[in-house]
Amino acid sequence: MIEAIDTACKAANVEVIGREKLGGGYITVIIKGDVAAVTAAVEAGKAKVDGLGKLIAGHVIPRPSAAVLSLFGKV
């Protein structure tokens with residue numbers, strides 16, 4: 001996960017704003033930036049993790065609603 005976040009942040013101008021433990025060993029990382037930058041960062045992070053065989057999912061939500069953001073607490 002750390003390598004994926006590092007790769008994502010180096011690939012584009014994004015900011016890591018949170019990490020959530022989902023249970024069962026799953027973790028999600030929340031990044032923000034403009035849509036193109038976040039998309040590039042997520043793709044780079046996915047490529048890094050996918051090579052390890054541990055990728056579950058990677059998704060970009062352009063301009064998430066306040067309701068979605070509220071699910072992550074202090075985001």
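This is a predicted model: local features need pLDDT of at least 70, side-chain atom pairs count only at pLDDT 80 or more; totals for chains, interfaces and linings use all residues.
## Helix 1: two sides

On one side of helix 1, Ile2 and Lys10 are exposed, where exposed means over 50% relative accessible area, buried under 20% and partly exposed in between, using a 1.4 Å probe and protein chains only. Residues are numbered from 1 along each chain as its sequence is written, and side-chain values use heavy atoms, with hydrogens and water left out. Helices (H or I, at least four residues) and strands (E, at least two) are DSSP runs, numbered from the N terminus.

Helix 1 spans residues 2-11, and its buried residues are Ala4, Ile5 and Ala8. Looking down the axis of helix 1, these fall within an arc of 100°, so they line one face of the helix; the arc is taken over directions from the helix axis to the C-beta atoms. The buried residues pack against strand 1 (15-23), strand 2 and helix 2, with contact meaning heavy atoms within 4.5 Å.

## Helix 1 against helix 2

The axes of these two helices come within 8 Å and cross at roughly 145°. Axes here are lines fitted to C-alpha atoms, for helices over the stretch in contact, with angles running from 0 to 180 degrees between N-to-C directions.

Who meets whom? From helix 1 it's Glu3, Ala4, Thr7, Ala8 and Ala11; from helix 2 it's Ala40, Ala41, Ala44, Gly45, Lys48 and Val49. By class, that contact has seven nonpolar, two polar and two charged residues (Ala, Val, Leu, Ile, Met, Phe, Trp, Tyr, Cys and Pro count as nonpolar, Asp, Glu, Lys and Arg as charged, and the others, Gly among them, as polar).

## Val49 up close

Val49 sits in helix 2 and is buried, with a relative accessible area of 17%. Leaving out residues up to four places away in sequence, Val49 touches Ala4, Lys54 and Leu55. The C-alpha atoms of Val49 and Glu3 are 7.9 Å apart, though 46 residues separate them along the chain.

## Two loop residues

Asp34 lies in the loop between strand 2 (26-32) and helix 2. The C-alpha atoms of Asp34 and Pro62 are separated by 8.4 Å, at 28 residues apart along the chain.

Arg63 is in the loop between helix 2 (35-50) and helix 3 (66-70). Why does Arg63 count as exposed? Because its relative accessibility is 70%. Phi of Arg63 is near 45°, a positive value in a residue other than glycine.
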